[in-house]
Amino acid sequence: MQTPDLSTSPRAVWRLTWPQMLMMYVMFIMTLVPVWTAGRLGADVQAALGMVTQCSLFLTVLSMGLASGATAAVSQAMGALRLRRAGLYIATTLLISVLLGVLMGACGIFFADGILDMVRIPDRVVPVARELLTIFMLGLPFAYVYAATGVIFRSTRQVIPPLVVSAVLAVVHAIFCIGTGLGLGGLPDWGYLGIAWASVAGNVLGSVINCCLLIRAGHLKRATLPRLRWLKKGLPYLVRVAVPAGFASLVWQSGYLVLFILVASVPFESVSALAGLTAGLRIEGFLFMPAMAFNMTASVLVGNCLGACKEDEAKRVSLSLLRTAVVLMSILAVFIWPFREDLAALLSTEPGTRQYIVSYLFYNLISTPFSIASTVLGGVMVGAGATQLNLMVFGGSFWLIRLPLGYVLGHLVWGNASGVFCAMLISQVLQTLAMLAVFFRVRWMDHAMRARSAKKRNGS
C-alpha cells in the first residue's frame with residue numbers, strides 16, 4: 001500500500017470530490033431507470049417497487065453503520081500514516097459485510113410476509129411486492145459487499161476505479177432492466193421481475209470487480225487478514241462508531257418506512273400518492289446524490305485531519321465544503337424548479353401520480369439548502385467518529401418532528417400526501433439548525449481515535 005496523499009488544498013479537495021459526484025449521478029441513473037421502467041408497467045408496479053426498495057434499504061442499516069465505522073477508522077489510520085492498521089480495518093470491514101449480508105438477506109426472505117403486512121401497502125400491490133422483495137433479498141449479500149468496497153476506495157482516496165466500475169454497471173443495468181422489464185432488444189419479457197433481477201446482477205458484478213481491484217491495489221492480502229489478538233484491540237473503535245451509525249440508519253430508514261405508510265394510508269388517492277412519492281424521491285436524488293459526494297469527501301478529509309491531530313484544519317475544511325455544497329446545489333434546485341411538471345411527465349403517464357410528483361418536488365426543492373447542509377455536516381461527524389451525534393439529531397428530527405407532523409398535516413388537516421411532504425420541509429429546517437449548533441458548540445473532535453487514546457494516556 002502506497003503512502004497516501006493527505007493534502008487538504010482546494011485542488012486536492014476537488015480531485016477527491018468530482019469523481020464521487022459523477023459516481024453519485026451514475027448511481028442516480030441506476031435508481032431512476034427501474035422507476036422509469038416500472039412507470040411504464042403501471043402505478044401498482046411503481047408503488048410496489050418504491051415500497052420494496054424502502055424495505056430493502058431498511059435491511060441495509062447494518063451495512064450503513066459499518067460503512068460509517070470503516071470510513072472513520074480507515075481515514076483516520078491513513079491520516080496517522082498507520083497503513084497496516086488501515087489494511088486490517090479494510091479486511092475486517094469486508095469480512096463483516098459478507099456475514100451481515102447473508103444474515104439480513106435470510107431474515108428478509110423468512111419474514112417477507114410480516115414485513116409487507118407491517119408496511120400496510122394496498123392489497124392489490126402485495127403480490128408484486130412479495131416477489132420483488134424475495135429477489136432483492138437474494139442479492140443483499142452482494143449489495144453489502146459492493147457498498148463496503150466503495151467505502152474502502154473512498155477512504156483511501158482512490159475514487160477513480162469505483163467511478164469507472166459504476167459507469168460500466170450503469171450501462172449493463174440499464175440494458176438489462178429496460179430490456180427484460182419491457183421485453184425490448186430481443187431480451188425476454190420478464191416484466192417487473194426483470195427490474196429486480198437487473199438490480200441483483202449489478203450488485204454481483206460490482207462486488208466481484210471491486211474486490212479484484214482491491215486485491216490488485218494491495219489493500220486485500222494475507223498480511224491484512226485480522227487475527228484475534230488485533231481484533232480485540234482494533235474492533236472496539238470500529239464497533240463504537242458503527243453501532244450509533246447503524247442505529248441512526250435504522251432510525252432513518254424505519255422513519256422512511258413509516259413515512260411511506262403515512263402516504264399509503266392517507267384518506268384520498270393513496271396509490272397515486274405512493275407512486276408519486278417513489279418517483280419524487282428519485283428526482284430529489286438528482287440533488288441529493290451530489291450532496292452525498294460532499295458528505296463522503298467531508299468524512300474522509302476530516303478523518304485524515306483528525307488522524308494527524310489537525311483539529312483547526314478539520315474545521316476549516318468542513319466549513320469550506322459546507323459553503324460550496326449549499327451554494328452549488330441550491331443553484332441546481334433553482335434551475336430544476338420550472339421543470340417540475342416536465343419531470344413528472346417523464347416518470348409517469350398517470351395524471352394522479354404526476355400531481356403528487358409535482359407536490360413532492362415543490363416542498364423538497366425549497367428545502368434544498370437545509371437538506372444539503374445537514375448532509376455535509378453528517379459526513380463531518382462520521383469522519384470524526386462522532387456518529388452518536390448524528391443519531392441524536394437525525395433521529396430526533398425524523399421521529400419527533402417529521403412523522404408526528406406528517407400525520408397531523410397529511411391525515412387530519414389536508415387529508416392527502418401533500419401534508420406529509422410539507423412536514424418533511426419543516427423537519428429539514430429544524431434538523432439543519434440543530435446540526436449547526438452541534439458543529440459550533442460541541443467538541444465533536446474528541447471522538448477520533450487519537451483523541452480518545454490521548455485521554456486514556458492522561459488518565460481522563
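I started with Glu313 and Arg316, which sit three residues apart in helix 12 and are therefore separated by about one helical turn. Helices here are DSSP runs of H or I, at least four residues long, numbered from the N terminus. The two side chains meet in a salt bridge, 2.7 Å from N to O. My criterion for a salt bridge is a side-chain nitrogen of Lys or Arg within 4 Å of a carboxyl oxygen of Asp or Glu.

Notes on what I'm looking at: this is a predicted model, where local features need pLDDT of at least 70 and side-chain atom pairs count only at pLDDT 80 or more, while totals for chains, interfaces and linings use all residues. Residues are numbered from 1 along each chain as its sequence is written, and side-chain values use heavy atoms, with hydrogens and water left out.

Next, accessibility. I call a residue buried under 20% relative accessible area, exposed over 50%, and partly exposed in between (1.4 Å probe, protein chains only). Glu313 has 23%, so I logged it as partly exposed. Arg316, with 40%, is partly exposed too.

I then checked the length of helix 12 (residues 311-336). With 26 residues at 1.5 Å a residue, helix 12 should span 38 Å, and its end C-alpha atoms are 38 Å apart, which agrees. The expected span is 1.5 Å times one less than the number of residues. Which residues of helix 12 are buried? Among them I found Ala314, Val317, Leu321, Met329 and Ile336.

Back to the charges. How many salt bridges does the structure hold? I get three. In one of them, Arg443 pairs with Glu311, with the closest N and O atoms 3.3 Å apart. That pair links distant parts of the chain: Glu311 is in helix 12 and Arg443 in the loop between helix 17 (417-441) and helix 18 (449-457), 132 residues apart. Arg443 also meets Asp446 in a salt bridge, at 3.0 Å from N to O. Shared partners join Glu311, Arg443 and Asp446 into one network. Arg443 is partly exposed at 43%, and Glu311 is partly exposed at 28%.

Backbone check: I flagged two non-glycine residues with positive phi. Cys309 has phi near 60°, lies in the loop between helix 11 (270-307) and helix 12, and is exposed at 51%. Arg157 has phi of about 65°, lies in the loop between helix 7 (140-155) and helix 8, and is buried at 17%.

Helix packing: I looked up helix 1 (residues 10-41) against helix 8 (residues 160-182). Their axes come within 9 Å and cross at roughly 5°. Axes are lines fitted to C-alpha atoms over the stretch in contact, with angles from 0 to 180 degrees between N-to-C directions. Helix 1 and helix 8 are therefore roughly parallel (angles under 35 degrees).

Last stop, the rings. I count eight aromatic pairs. Rings of Phe, Tyr and Trp (its six-membered ring) pair if their centres lie within 6.5 Å; planes under 30 degrees apart are stacked, over 60 edge-to-face, and the rest tilted. Phe176 and Trp190 form an edge-to-face pair, 6.0 Å centre to centre with 70° between the planes. Phe176 lies in helix 8 and Trp190 in the loop between helix 8 and helix 9 (192-216), so the pair ties together parts 14 residues apart in sequence.

Technical notes
Parallel < 35°, antiparallel > 145°, perpendicular 65-115°, else oblique.
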